[in-house]
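Please read the following note beside the sequence and the three-dimensional view.

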Amino acid sequence: MVVDGFFITGVVICLVSALICIVAAIIRQPPNDITILAVAAVELFLLVYGVAAIFRQLGGEPVAGEAWEFWGYWITALLVPVAAFWWSMLERSRWSNLVLGAVGLTIAVMLVRMEQIWDMAGTAL
């Protein structure tokens, strides 16, 4: 599997975000600025990742798999942190931090799949 810097950076951001949110839930904290900003960092990364992907494609580096699938994952990934944020604002309990923590884990898995689609790694030819 070909791994690029964006992928590694994204996974690190996602896992740190998940850790922050899960620890906050364990210590019985409701969503606060730290957990919200941790999820906002994931969203910001996804925006930068999308812009970089556009430039990669315009620069002549095509998506090796189905482009619609890559962009579908990216759009879905953009919606996950937003939905979790709204959940945490409406349900201000410590359990909302687990929902925020799930964002990091979910997006990390989605990044793995997007990397596979981009490079067609791990697929049978």
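This is a predicted model: local features need pLDDT of at least 70, side-chain atom pairs count only at pLDDT 80 or more; totals for chains, interfaces and linings use all residues.

1. Residues are numbered from 1 along each chain as its sequence is written, and side-chain values use heavy atoms, with hydrogens and water left out.

2. The largest nonpolar core has 28 residues. Such a core is a set of buried Ala, Val, Leu, Ile, Met, Phe, Trp, Tyr and Cys residues joined through side-chain atoms within 4.5 Å, where buried means under 20% relative accessible area, exposed over 50% and partly exposed in between (1.4 Å probe, protein chains only). Two or more residues come from each of helix 1 (5-26), helix 2 (33-58), helix 3 and helix 4; helix 4 gives the most, with nine. Helices are DSSP runs (H or I, at least four residues), numbered from the N terminus.

3. Trp74 is among the residues with the most contacts inside the core. Beyond its neighbours within four places in sequence, Trp74 is in contact (heavy atoms within 4.5 Å) with Leu46, Tyr49, Gly50 and Met114.

4. Helix 4 is followed by Met120, whose phi is positive, near 55 degrees.

5. One salt bridge is counted, defined as a side-chain nitrogen of Lys or Arg within 4 Å of a carboxyl oxygen of Asp or Glu. Arg113 and Glu69 form a salt bridge at 3.1 Å, N to O. The pair links helix 4 (residues 94-119) to helix 3 (residues 67-90), 44 residues apart. Arg113 is partly exposed at 24%, and Glu69 is partly exposed at 21%.
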